[in-house]
Amino acid sequence: MAIETQPERAEPTGRGPEVEAKRPWWLRPGAHTGLIGAVIGYFLGHWLGNFLGGDYARSSLSDANDVAIVLGYLFAVLGWLAGLGVFNDLFGLMLGRPLPEEARLIGKEEPGLGKYFRYTLDHKVVGIQYLYGMIAYFLTGGLFAMAIRSELLSPSYHLMGPEQYLMVVGEHGTMMMMMMSSVILGPFGQYFGPLLIGSKKVAFPRLEALGFWLTPAAYVILLSAVLFGGFPTGWTGYEPLATQAQTGEDAYFFAFGLMGISMILAGFNMIVTIINYRAPGMRWSRLPMFVWSMFTVSFLQVLAVPVLVGACYMGLTDRTFQTSFFSNQLGGSSFLYEDLFWFFGHPEVYILALPGFGVISEVVSVFCRKPLFGYKVAAAGMLGVGILSFFVWQHHLFDSGINPDMRPLFMLTTELISIPTGFIFLVGMGTFWKAKIRFSIPMLFALAFYFNFLIGGISGVFLSDVPADTTEHGSFFVMAHFHYTIMGGLIFAFMAGIYYWLPKMTGYKLNEKLGRIHFWTMFIFFNTTFLPLFALGMMGMPRRVFEYARNLETLNDWVSISAFCLGGSILIFLINFVWSLLFWRERETGNPWRARSLEWQLSTPPPPENFKRVPVILSSPYDYGVKNALPVADLNPPPGVIGSAYEPTGAVEA
Amino acid sequence: MSVAARAAALGAAFLVVVGVGIFVAVYYVGAATTQLPIVHYSASGGQVSVVLQEDPQNNTATTPDWVSYYTQDPVSKQWLHTTLFSVPENTKVNVTIYGYDGCTPLRNNYFSQVQGTMGGTVTVSQFDQHGKEYVTNDTTSVINSWSDCNVGHTFAIPAMGIFVPVASPNAQLSANNLCSSSPCTPSGNPYAVETFSFMSPSHTGTWRWQCLVPCGGGYIDGNSGPMQTLGWMMGEMDVVAS
Amino acid sequence: MSSTETSAAAGAPRTEPRHGWRMFWIWFVLSLPSVLIIWFVWKPHLPPGDMSSSAQHQQFDIAVLAATAAPVIIGVVLYFIYAVVVWRAKADDDSDGEPIYGNTKVQATWIIGTSAIVLWLAVFGTIELVGPAGAGAGEGPSPIWTLAGKQSATWTPGSDDILEVQVIGQQWVWTYRYPQFGGMESTELMLPEGMPVAFHVTSLDVIHSFWAYQLGVKADANPGVDNVAFTTPKAMGSFTVRCNELCGIWHGAMYNYGQVVSPTAFQTWASGVQAKEQADGVLAALPPFALTYDPTVIPQLGKNIVTVDGITGAAGYYYGPGNPVTP
C-alpha cells in the first residue's frame with residue numbers, strides 16, 4: 001500500500017475530521033506512563049548490567065556494580081521517554097502512520113491541566129513546564145544550601161559526618177549549576193522566544209519538549225546519588241577522585257551528561273527558530289535584547305556543552321570499563337579532565353549569566369520608558385561575551401601546574417571579557433539617563449541585579465589577576481564571586497522575569513505587597529549573606545571544608561543566620577507564587593506595563609496559536625518617547641502582503 | 001476546582017514534599033554517624049585502655065572483602081564493628097591493637113616510623129596460627145614495611161601528630177593462614193599485638209583517625225571503600241571532659 | 001562622564017542642571033578619599049599579609065586592584081542612586097522618557113575607558129606575576145620565573161642556596177621531604193627566614209592543593225606531576241597549611257601548621273631530623289628522592305611486590321585481581 005499523504009494538509013484552514021474518540025487520560029501517554037517506563041527500564045538495565053559484568057567489580061573494594069547502575073540509569077531514561085510518548089511520532093512515521101494534527105502542537109487538545117504532564121509540543125506549555133520544574137529544582141538546591149550553612153555554624157561541632165557534608169555540598173552545587181542553567185531560557189526563553197519574534201511556533205517542537213522532559217530525569221538521577229552515599233567531588237567532578245569515588249559518582253556523571261544533552265537540544269532549536277522564524281520586518285536591528293541573549297546562549301550551549309558530555313562519558317568509562325583517560329600512572333592525565341570540564345565550565349557560567357542580561361535589558365527599557373541606550377553596543381556586548389567565553393577557561397587552573405606562560409595570556413583574555421560585560425552596564429546606565437523611572441517590582445529586581453552583578457564582576461577582575469588569585473583561588477572569595485554573579489545576577493533576573501512575565505503567562509497577577517516584601521528581604525539578606533564571604537575567603541577559608549579557623553566562627557555564624565533569612569525570603573516568594581495562582585487569582589488582562597514588545601500586544605494569556613496571522617513588524621520595540629511612533633507590529637496584515645499599509649515615518653532607529 | 005479543593009490539594013502536596021524531605025534527611029543524611037555505636041572508655045587510675053583490632057575480611061554480605069577495624073567494649077569485652085570511641089581529656093591512653101590482616105607495603109614508607117607516642121616507640125609481639133610467639137615484646141621505633149613484610153595498616157591521628165604502623169603477621173603467614181571471619185579471635189589465626197601510649201589532649205573535641213595505607217586495590221581505588229567509610233578504616237576519637 | 005543634552009535650548013528660561021558634571025564631582029569627592037584610605041590605611045593589613053616575598057607582592061597587587069576597583073564601584077552605584085532619585089517618575093506622570101537611542105561620544109569614552117583600565121590591570125598583573133618569581137603560584141614542572149639563587153645539593157644558612165622542599169599530599173595528610181638533607185621526610189614544615197625556598201608539590205593519589213596562606217603560596221598537587229612554586233619567607237612565625245582542592249572526605253581536616261625560624265635554627269632542626277631518621281633506618285627505607293614520588297624504586301624491593309605492566313600500587317595492583325587486568 002502506498003503511504004498516504006495527509007489529507008488535512010490539502011485544506012488551508014481548520015482541523016481535519018476527528019478520527020477517534022478521546023481515550024481516558026490515564027490511557028494516553030504522559031508523566032504517569034513515563035514513570036512506569038522508568039521503573040521498568042531501571043530494573044531491566046540493572047539486570048542487564050549484572051548479566052554482562054556481574055563479577056566485574058571495578059575494584060574489590062566497591063560493593064556495587066557500576067556497570068549495572070549506569071545501565072540501569074540509561075534504560076530508566078529510555079523507559080521514561082518511551083512512556084512519555086516521545087518516540088511515538090518517530091515510530092509512527094516509520095510505520096507509515098500520518099503525523100497527528102496541529103491540535104497537539106498548539107496545546108488545544110485538552111483544555112485542562114493534563115497537557116502540562118504530557119509530551120506536548122506547544123512551546124508555551126513547555127515554558128510553563130520549565131517554570132515549575134526550575135522552581136522545584138531551585139528550592140531543592142536551596143534546601144541543600146541551608147544544610148551546608150547549618151553545618152558551618154560551628155568549626156568543631158559537626159551536625160553531619162564528613163561523607164554527608166560532602167554529599168550535601170556536591171548536591172547543592174550540582175543541582176544549581178546543572179539544573180539551573182536553563183532557569184531563564186526554559187521558562188521565558190521557550191515561552192516568549194517565538195512570541196517576541198512573531199512566530200507561531202518553534203522550529204523543532206519535539207526537540208524542545210524532549211529537552212524539557214530530560215530535566216526531571218536528570219533531577220531524579222542526581223538526587224538518587226543520596227541513596228548511594230552521595231559523591232565526594234563537588235560539582236566539578238575532578239578526576240582522579242571521581243574514579244575513586246563510590247557509586248554515587250555514577251549518578252553525578254550520568255545526570256550531568258543527560259542535562260547536557262537537554263541543553264544542546266534546547267540551544268539547537270532556539271538558534272534555528274531565531275534565524276528562520278522571525279516575522280517579516282523583524283530585522284536583526286529590531287530584535288529584542290532578550291532574544292539576542294537567547295541567540296548567543298544557544299550558540300554557547302551547542303558548542304560548549306558537547307565537551308562536557310564527552311568528559312562525563314569518559315568519566316563513566318573510567319569508572320566502569322577501566323579505561324584510563326584520567327589516570328596519570330596509566331598514561332592518561334588528570335589535567336585532561338580539568339581542561340575538558342572547564343572548557344565547558346566557563347561558557348556554562350555565561351550560559352547562566354547572559355539570559356539575565358537579556359531579561360534586565362527588557363525590564364529597564366519598559367520601566368524607564370525609554371529606548372534601550374546603545375542597542376548595537378548591547379548586542380555587541382552579548383556576542384562579545386559569548387565569543388570570548390571560549391578563550392578564558394584556564395583561569396580556573398592558574399595554580400594547577402599548567403604551562404606557566406599560558407598564565408599571562410589567560411589573564412589578558414579574562415580581563416578583556418570584562419569589556420563586553422561592561423557594555424551591559426553602559427546600556428543600562430544610559431537607559432536610566434533622563435528617564436521616567438517607575439519602581440515596579442521587576443524594576444527593583446533590575447536595580448538589584450546591577451548592584452549585585454557589579455560586585456560580582458569586579459570580584460571577577462580580582463580573580464583574573466594571577467598573583468591575587470594565588471590567595472583567592474579555591475577559597476570563599478571565589479564562592480562569593482560566583483554567588484554574586486549567578487545568584488545575585490541570574491536569580492534576581494529570574495525574579496524580575498517572573499514578576500514581569502508571569503501575569504502574561506498565566507493571566508493572574510502576583511500580589512504586589514508580598515512581592516515588595518520578597519524583594520527587600522531577598523536583596524538585604526542576599527548581601528548580608530554573601531558580602532562577608534569575600535572577607536572569609538581572603539582570611540584563608542577554603543571551599544568545601546567543614547573545619548575552619550576558630551577566629552572565623554563569628555563571621556560564619558552571621559553568614560549562616562543571614563542565609564536562613566534568605567531562605568525565608570525565598571519562602572515568601574513561594575507563598576506569593578502559590579497563593580496568587582491558587583487562591584487569590586486576580587485576573588490580569590491586557591498590557592499592565594504598557595510595554596511595546598510584541599508579546600504584550602497579544603491577549604493575556606496568549607492565544608494557543610500565538611498569532612492568527614503572521615504579523616508584520618513595523619518598528620523597534622524600544623521606540624518609547626518617539627512622537628508618532630509606529631506600533632511595533634501590524635497583527636492583522638492583509639493576506640498575501642509582505643509589506644504593510646503603513647508608511648514608515650522618519651523615526652530614528654539605533 | 002473550588003477553593004476548598006485547591007487548598008486540600010496544596011496541603012496534600014506540601015505534606016508529601018515535607019515528608020520526603022524529612023525521610024531523606026533522617027534516613028540517609030544522618031545515617032552513618034548516628035547508626036554507629038560509640039565505645040566509651042573511662043579512666044581508672046588516671047589511664048584508659050583502648051583495644052582495637054583490624055581484620056582482613058568481614059561478615060557483611062555486601063562488602064565481604066573490606067578490611068575493617070573493630071573496637072572492644074571495655075565492659076562486655078565484645079568486639080563492636082565501630083571506629084568511634086571516646087576517652088577522657090588529659091589522660092594517659094594505652095592503646096592495644098591486634099593486627100590480623102596480612103602485610104602490605106606502605107605507599108609512603110615514611111609512615112613506617114612511629115611518631116607521637118610516649119617514648120616514640122611501640123611494643124610488638126607476633127604469634128602464628130598455633131599460638132607460638134615468634135616475636136616477643138620487641139620495642140621499636142620503626143617497622144619497615146618494605147624490607148620485611150611486617151606492617152598491615154597504620155593508626156594515625158594526624159591532628160595530634162600520632163602516626164603508628166600496625167604490625168601484621170609475616171609474609172608467609174599472610175599468604176596462607178589469615179583469619180577468615182570477623183571479628184577475629186586469637187585461636188587458630190596468626191596475629192600481631194602492638195601496644196603504645198599517648199596523652200589525650202587537654203581540651204574536648206573530636207579528632208579523626210585513619211589508616212594511611214591504601215588497601216590492596218592500589219593507590220586510587222585503594223583509598224576508596226573502607227578507607228572512606230566511618231566504622232571501617234577510619235574513625236573519630238571523642239575527647240570528653242573527665 | 002559628560003553627555004550631550006538633547007533638550008536644553010540656549011534661550012530656555014529654565015535650563016536643565018548639568019547632571020553629568022554633578023555626578024562627576026560627587027564621584028570625585030567620594031573616590032579620592034576611598035582610594036587614599038585603601039592605599040594608606042588598609043594596604044598594610046590586606047591579606048595575605050607580608051610574611052613572605054610572594055605575600056608582600058600579592059598584598060601590593062590586591063591593594064592596586066582595590067584602588068582601581070573602588071572608584072569604578074563608587075561610580076556605578078552613585079550613578080544608579082542619582083538616577084533613581086532625580087529621574088523617578090512622579091506618581092501621576094504617565095509619559096515616556098526622551099527617546100535617546102545612543103550617544104557616540106559616551107559610548108566611545110566608555111569603551112576606551114574600560115579598555116584602558118582592563119589593559120592596565122593586565123599589564124600590571126603580568127608584572128606582578130613575573131617579578132616575584134611566579135607570585136607564589138604553582139608553575140608546573142618547568143617554571144619560567146624562578147628565584148635568584150643557586151640550586152645546590154646541600155644547603156647552608158647565609159648563602160644564596162635555594163632550599164628545596166618537596167610537599168607530598170596524600171589522602172589526608174601532608175608530608176615534606178628535604179632533598180638537601182638526605183631526602184629526609186617529616187610531617188612538620190619548617191622554613192628558614194630570609195632565604196629562597198622552592199616547593200615541589202606532588203601527590204600520591206588524587207589532586208590536592210598546597211596552600212600556605214601566610215606565605216602566599218598555592219600549588220596544586222597532582223599525582224605524578226611536579227608543581228614548582230617559589231617564595232622567600234621574610235618574617236619568623238607560624239603559618240597555616242591547608243589543602244585547597246577537594247580530595248575526599250577529610251579534605252576539610254587536611255591541614256597543619258608550619259614554622260618559619262632563623263636559618264641556623266632551621267639547619268639544626270633539619271640536620272637533627274636527618275640524623276634521627278638515619279639512625280632509625282627510616283631514611284634508608286624511603287625511596288630515593290625524586291621529583292614525582294614513585295615508591296617502587298626502593299633498594300630493599302623484594303620479590304613480594306607485585307607489578308602489573310610495570311605499575312604498582314600500594315600492594316601491587318592498580319585494580320584488584322578480580323578485574324580484567326590489562327588496561
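How many residues does the contact take from chain A and from chain C? In this predicted model, the contact takes 86 residues from chain A and 85 residues from chain C. On the side of chain A that touches chain C, at least two residues each come from several helices, among them H6 (162-179), H12 (334-368), H13 (375-388) and H16 (441-464) of chain A. Helix H15 (418-432) of chain A also belongs to that list, and H15(A) gives the most, with 8 residues. By residue type, the side of chain A that touches chain C divides into 48 nonpolar, 23 polar and 15 charged residues.

The largest nonpolar core has 347 residues, and Ala255(A), Phe445(A) and Ala496(A) touch the most other members. Helix H18 (residues 476-506) of chain A provides the largest share of this core, 21 residues. Not counting residues up to four places away in sequence, Ala255(A) touches Met178(A), Ala218(A), Ile221(A) and Leu222(A).

Helix H8 of chain A covers residues 205-224. Of its 20 residues, 16 are buried, so H8(A) is largely enclosed by the rest of the structure. At 1.5 Å a residue, H8(A) should span 28 Å; its end C-alpha atoms are 30 Å apart, which agrees.

**Chain C**

Chain C has 5 helices and 10 strands. Of its 327 residues, 45% count as buried. Among contacts in chain C between residues at least 6 apart in sequence, 66% join residues at least 24 apart.

The domain assignment of chain C gives domain 1 (19-88 + 105-131) and domain 2 (137-321). Their C-alpha centres lie 39 Å apart. Contact between them involves 11 residues of domain 1 of chain C and 13 residues of domain 2 of chain C. Helix H2 (residues 53-86) of chain C gives the most to the side of domain 1 that touches domain 2, with 5 residues. That side of domain 1 of chain C divides into 4 nonpolar, 6 polar and 1 charged.

Strand S5 (residues 197-203) of chain C is mostly covered, with 6 of its 7 residues buried. S5(C) pairs in the parallel sense with strand S1 (residues 163-170) of chain C over 7 bridges; within this region, Val201(C) in S5(C) is the bridge partner of Val167(C). S5(C) is also joined by 5 bridges to strand S8 (residues 227-231) of chain C, and these two run antiparallel. His200(C) stands opposite Val228(C) in S8(C).

**Backbone details**

| Bond | Omega |
|---|---|
| Thr604(A) to Pro605(A) | about -10 degrees |
| Gln171(C) to Trp172(C) | near 10 degrees |

Pro605(A) is in the loop between helix H20 (553-584) and strand S1 (616-617) of chain A. Trp172(C) lies in the loop between S1 and strand S2 (173-178) of chain C.

Lys434(A) is not a glycine, yet has a positive phi of about 55 degrees. Lys434(A) lies in the loop between H15 and H16 of chain A. Is Lys434(A) buried or exposed? With 21 C-beta neighbours inside 10 Å, Lys434(A) counts as buried, because the cut-off is 20 or more.

Lys77(B) also has a positive phi, near 60 degrees. Lys77(B) sits in the loop between strand S3 (68-72) and strand S4 (79-80) of chain B. With 8 other C-beta atoms within 10 Å, Lys77(B) is exposed.

Terms used. Residues are numbered from 1 along each chain as its sequence is written. Chains are lettered from A and ligands numbered from 1 in the order in which they are written. This is a predicted model: local features need pLDDT of at least 70, side-chain atom pairs count only at pLDDT 80 or more; totals for chains, interfaces and linings use all residues. A residue is buried if 20 or more other C-beta atoms lie within 10 Å of its own, exposed if 12 or fewer, and partly exposed in between; C-beta atoms are placed from the backbone. Helices (H or I, at least four residues) and strands (E, at least two) are DSSP runs, numbered from the N terminus. Two strands pair if DSSP finds at least two bridges between them. Domain bounds come from an automatic or database domain assignment. Two residues are in contact if their C-beta atoms, placed from the backbone, lie within 7 Å. Ala, Val, Leu, Ile, Met, Phe, Trp, Tyr, Cys and Pro count as nonpolar, Asp, Glu, Lys and Arg as charged, and the others, Gly among them, as polar. A nonpolar core is a set of buried Ala, Val, Leu, Ile, Met, Phe, Trp, Tyr and Cys residues joined through C-beta atoms within 7 Å. The expected span of a helix is 1.5 Å times one less than its number of residues.
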